[in-house]
Amino acid sequence: MSSNIENGIQFITDDGNKIINYPLKQIYNENTKNKNTNYKFKKYVRIFKNIRMDMETSNITSAKEIGSFQIESLIWNVSSEVFMKYTALGYGVEEIISYLVSNKYLIDSYYESNGIKKLCNDYISKYHLEQFITDISNYFKYEA
């Protein structure tokens, strides 16, 4: 008999909302992705978080609406083959952005990097993520 139970943690916010996370599953999934991409996944996550911070400094609204964990999870949903296409990280960033733009219609099927919870659980979070993908594509073309 197999079990579908995952160990998680629950927080209750000051206003009574429950937040459930699965940090062990997240760590496992991200380490697996990192290994499967020749240890490029975590490098790209850091690069994209830095680009988001630059965009925020440039007053690009969508960058302010997207959190660090959302960036991590967004990049986790990119096919591992995309990470392997180039050895140079700069070309890889362009390839990841191109993948995200081309596959924006799949956002509804993306999961957080824990692989359990949907990345976008409402229209507003989906809108912000789609706008961020559009904006990072334009920003990276402008900055490059």
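At 40% relative accessibility, D108 counts as partly exposed, a class that lies between buried (under 20% relative accessible area) and exposed (over 50%), with a 1.4 Å probe and protein chains only. The model is a predicted one, in which local features need pLDDT of at least 70 and side-chain atom pairs count only at pLDDT 80 or more, while totals for chains, interfaces and linings use all residues. Residues are numbered from 1 along each chain as its sequence is written, and side-chain values use heavy atoms, with hydrogens and water left out.

D108 takes part in a salt bridge with K126, and the closest N and O atoms of this pair are 3.0 Å apart. The pair links distant parts of the chain, since K126 belongs to helix α7 (residues 123–143) and D108 to the loop between α6 and α7, 18 residues apart. Helices here are DSSP runs of H or I with at least four residues, strands are runs of E with at least two, and both are numbered from the N terminus. A search of the whole structure finds 4 salt bridges, each defined by a side-chain nitrogen of Lys or Arg within 4 Å of a carboxyl oxygen of Asp or Glu.

Another of these contacts joins K85 to E95, with 3.4 Å between the closest N and O atoms. Here too the pair links distant parts of the chain: K85 sits in the loop between α5 (80–84) and α6 (89–102), and E95 in helix α6, 10 residues apart. R52 has 12% relative accessibility and so counts as buried, whereas E56, at 30%, counts as partly exposed.

Helix α2 also has a packing partner. Two packed helices are described by the angle between their axes and the distance between the axes. Helix α2 (residues 41–57) and helix α4 (residues 68–76) pack at about 135 degrees, with their axes 9 Å apart. That angle makes α2 oblique to α4, as oblique covers the angles left over from under 35 degrees (roughly parallel), over 145 (roughly antiparallel) and 65 to 115 (roughly perpendicular). The axes are lines fitted to C-alpha atoms over the stretch in contact, and angles run from 0 to 180 degrees between N-to-C directions. The crossing of α2 past α4 is right-handed, meaning that the near helix is turned clockwise from the far one by less than a right angle.

The backbone deserves a look as well. Most residues other than glycine have a negative phi. N38, which is not a glycine, has a positive phi of about 55 degrees, and N38 is placed in the loop between α1 (23–36) and α2. Y39 lies in the loop between α1 and α2 and has a positive phi near 65 degrees. With 47% relative accessibility, Y39 counts as partly exposed.

I9 lies in strand β1 (residues 9–12) and is partly exposed, with a relative accessible area of 38%.

Finally, T134 is found in helix α7 and counts as partly exposed at 28% relative accessibility. T134 and Q70 are 64 residues apart in sequence and 15 Å apart in space, C-alpha to C-alpha.
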